[in-house]
Amino acid sequence: QLSSEIIANADRLNRVVSNLLDMSRLSSGKLVLNRDWHDLSDLVSVTIDSQRSALANHAVSVRLADFLPLVRIDFQLLQQSLANVLVNAANYTPPNTSIEVGARIIDRVIELSVSDHGPGFSPESIPHLFEMFYRVSGSKPGGAGIGLAIAKGIVELHGGTIQAENMATGGARFTIKLPVEPQPKGPQSGSET
């Protein structure tokens, strides 16, 4: 049990340090995107796998629409953004509740969502969720209040938006919206590979 706690605390510390470094680069304008074409399902699966310890007390289900287009992203940075949202959901929902990750395309925009079955947000907290160092009342100790601010900064660097809302059925949903770009052309038939 002690070793499990040490590993969990080391993971948390690593997350905080990574977030602080990313926030510093975002604030200074020195964060440069290294974009390439990626499959959204790869991003989701790698991110969930990288946060296995933070999500250990939750069942995570994935529902991605068929035939999603490729996205031109900085894989590592957008993974960090999605990880921060997932960890936030895990931290603010009761153990043994489920977290759903979904993706669909609407009007040439990809919507990547993370939904939970927690208490949701107070209406007055929603406009402040993405502010630096903002923490909702009753937050667990240990957080710095920068994870969602970093998620927002990274998504906006990609030309997208992120929003939070309470769901009518209970719980909260974060939605990352990314523009669909013209898709890369595959190899031409008869061309050399």
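Visitor: What percentage of the residues of the chain count as buried?

Guide: This is a predicted model, and 39% of the 193 residues in its chain count as buried. The chain holds 4 helices and 7 strands, in the order α-β-α-β-β-α-β-β-α-β-β from the N terminus.

Visitor: What span should helix 3 have, and how far apart are its end C-alpha atoms?

Guide: Helix 3 covers residues 75-91, and at 1.5 Å a residue its 17 residues should span 24 Å. Its end C-alpha atoms are 24 Å apart, so the two values agree.

Visitor: How many aromatic pairs are there?

Guide: The count comes to 2 aromatic pairs. In one of them, the ring centres of Phe-121 and Phe-174 are 5.6 Å apart with planes at 80°, so this pair is edge-to-face; the cut-off for that is over 60 degrees. Phe-121 sits in the loop between strand 5 and helix 4, and Phe-174 in strand 7, so the pair ties together parts 53 residues apart in sequence.

Visitor: What makes Phe-174 buried?

Guide: Its relative accessible area is 2%, and buried means under 20%, so Phe-174 qualifies. The rings of Phe-130 and Phe-174 have centres 6.0 Å apart and planes at 85°, so they too form an edge-to-face pair.

Definitions and conventions. Residues are numbered from 1 along each chain as its sequence is written. This is a predicted model: local features need pLDDT of at least 70, side-chain atom pairs count only at pLDDT 80 or more; totals for chains, interfaces and linings use all residues. Side-chain values use heavy atoms; hydrogens and water are left out. Helices (H or I, at least four residues) and strands (E, at least two) are DSSP runs, numbered from the N terminus. Buried means under 20% relative accessible area, exposed over 50%, partly exposed in between (1.4 Å probe, protein chains only). The expected span of a helix is 1.5 Å times one less than its number of residues. Rings of Phe, Tyr and Trp (its six-membered ring) pair if their centres lie within 6.5 Å; planes under 30 degrees apart count as stacked, over 60 as edge-to-face and the rest as tilted.
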